[in-house]
Amino acid sequence: MKIIDGKALAAKLQEELRVRVEGMAVKPALMVILVGDNSASQVYVRNKARAAERIGIKSETLFLPESTSEAELLNLIDKYNADEQWHGILVQLPLPAQIDEDKVLLAIDPNKDVDGFHPMNMGRLWTGQPVMVPSTPAGVMEMFKAYDISLEGKQAVVLGRSNIVGKPMAQLMMDQNATVTLCHSRTQGLKAICQKADIIVSAIGQAEFVKADFVKEGAVVIDVGMNRNAEGKLCGDVAFDEVAEKASLITPVPGGVGPMTITMLMKQTVTACERLTAGFDNERVDK
Ligand SMILES: Nc1nc(=O)c2c([nH]1)NC[C@@H]1CN(c3ccc(C(=O)N[C@@H](CCC(=O)O)C(=O)O)cc3)C=[N+]21
Ligand SMILES: [Mg+2]
C-alpha cells in the first residue's frame with residue numbers, strides 16, 4: 001500500500017502556480033465571502049487565504065454576520081460581478097437557512113465562478129465543454145494523474161451524489177473512460193457494488209463508513225470525507241488503517257484531498273483572471 005500525499009502534491013502544484021502568476025501582467029484576485037460562524041468554514045477560508053498568499057494571488061475574505069439576508073448577499077455579488085478588479089468570487093457553503101443557495105450560485109458571474117458551481121458551468125462540464133470545474137473532483141483527477149492511475153476501462157464507484165463532489169466526480173472519471181457507478185444513501189447492495197470497484201471515491205460524510213470488507217484487494221481508495229469523530233478529531237469516510245491493508249493506493253485525511261481542493265481553487269482563479277483579461281466570455285461559445 002502507498003499513501004497518496006495530497007499535501008506534497010498540493011505544494012508542488014502551488015509552486016508551479018506561483019511561477020505562472022509571477023509572469024502575469026495582471027495579478028489574479030479572489031473575493032471569498034463567508035456568511036455566519038461555521039467553525040469548519042473558518043478553517044477552510046483561512047487555508048484558502050494562506051494558499052493565495054503563497055502563490056501571489058490577491059485575496060480578501062468578507063466575513064458577514066449569520067443574520068445576513070439573501071438580498072444583502074445578492075447585492076454584494078452583483079457588486080463584485082461588476083468590479084473588474086476581482087476575477088474570482090467564492091461564496092463559502094453551507095449558507096444560513098434564510099439564504100437560498102441555488103439563487104446565490106446562479107447570481108455569480110459564470111466567468112468568475114471559480115468553484116464551478118454555477119448551473120452554466122455544471123452544464124458545460126456535463127456536456128464535455130468544461131471551463132470552471134468544481135475543485136474537489138478536479139483535485140482528485142490531479143492525484144490520479146500524478147500517481148499514474150489510469151481510469152481507462154476501470155470500474156469506479158463514487159459514494160455520494162452531491163452537486164459539488166459526487167456528480168462532477170463521476171463526470172470527470174467518465175471523461176477518462178472509466179465506467180462509473182454513482183451510489184448514494186438509497187443504493188441497495190452498496191457493499192457488493194464497492195467490492196467490484198477498481199477505484200472508490202467516497203464523499204458520503206460519515207466517519208468509518210468504508211470498511212475493509214468494502215474494498216477489493218489492490219483497489220485505489222480516495223477519501224473526500226471531512227468528518228469529526230467522537231473526540232472531535234478530523235477524519236474521513238474511510239476506516240483508514242484496515243482499508244490501507246487492502247488498497248494499493250489510499251488518501252489520508254487530513255493531508256489528502258483537502259489541500260488539493262484548495263490548490264485547484266487557486267488554479268481556477270488564475271485561469272479566470274487569464275480568461276477575463278483576454279476578453280473571453282463563458283456565456284458565449286469561447287473555450
Ligand atoms: N463555495 C465553496 N467552495 C468550496 O470549495 C468548499 C465550500 N464552499 N464549502 C466546504 C467545502 C469543503 N472544502 C474544504 C477545503 C479545504 C479543506 C482542507 O484544507 N482540509 C485540510 C484540513 C483542514 C482542517 O484541519 O480542518 C486537509 O484535509 O488536510 C477541506 C475542505 C471546501 N469546500
Ligand atoms: Mg440554505
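What covers the buried residues of H1? I began there: the cover includes helix H2 (39-55), H6 and H10.

**Ground rules.** I am working with a predicted model, where local features need pLDDT of at least 70, side-chain atom pairs count only at pLDDT 80 or more, and totals for chains, interfaces and linings use all residues. Residues are numbered from 1 along each chain as its sequence is written, and chains are lettered from A and ligands numbered from 1 in the order in which they are written.

**Entry 1, helix H1.** I took helices (H or I, at least four residues) and strands (E, at least two) as DSSP runs, numbered from the N terminus. Helix H1 covers residues 6-22, and at 1.5 Å a residue its 17 residues should span 24 Å; the expected span is 1.5 Å times one less than the number of residues. The end C-alpha atoms of H1 are 24 Å apart, which agrees.

I then looked up burial, which goes by other C-beta atoms (placed from the backbone) within 10 Å of a residue's own: 20 or more is buried, 12 or fewer is exposed, and in between is partly exposed. In H1, Gly6, Leu9, Ala10, Leu13 and Leu17 are buried. Seen down the axis of H1, the buried residues fall within an arc of 95°, so they line one face of the helix; the arc is that of the directions from the helix axis to the C-beta atoms. An α-helix has 3.6 residues a turn, so residues three or four places apart point the same way. On the other side of H1, I found Glu15, Val19 and Glu22 exposed.

Which residues are closest to ligand 1? They are Tyr44, Asn47, Leu93, Pro254 and Gly258, out of 19 that surround it; a residue counts as near if its C-beta atom, placed from the backbone, lies within 6 Å. H2, S4 and H10 each supply at least two residues of this shell, and H10 gives the most, with 5 residues.

I sorted the shell into 12 nonpolar, 6 polar and 1 charged. Here Ala, Val, Leu, Ile, Met, Phe, Trp, Tyr, Cys and Pro count as nonpolar, Asp, Glu, Lys and Arg as charged, and the others, Gly among them, as polar.

Most residues other than glycine have a negative phi, and most peptide bonds are trans. I noted a cis peptide bond joining Leu93 and Pro94, with omega about 0°; Pro94 is in the loop between strand S4 (88-91) and helix H4 (101-107). Another cis peptide bond joins Val253 and Pro254, with omega about 0°. Pro254 lies in the loop between strand S11 (249-250) and helix H10 (257-277).

Asp148 has a positive phi of about 55° although it is not a glycine. Asp148 sits in the loop between helix H6 (135-146) and strand S5 (155-159), and is exposed, with 7 other C-beta atoms within 10 Å.

An unreviewed UniProt entry places the feature "binding site" at Gly160, Arg161 and Ser162; positions are in the numbering used here, feature names are shortened, and annotations may be inferred rather than shown by experiment. Is Gly160 buried or exposed? With 24 C-beta neighbours inside 10 Å, Gly160 counts as buried, while Ser162, with 17, counts as partly exposed. Ser162 is in the loop between S5 and H7.

Conventions
Two residues are in contact if their C-beta atoms, placed from the backbone, lie within 7 Å.
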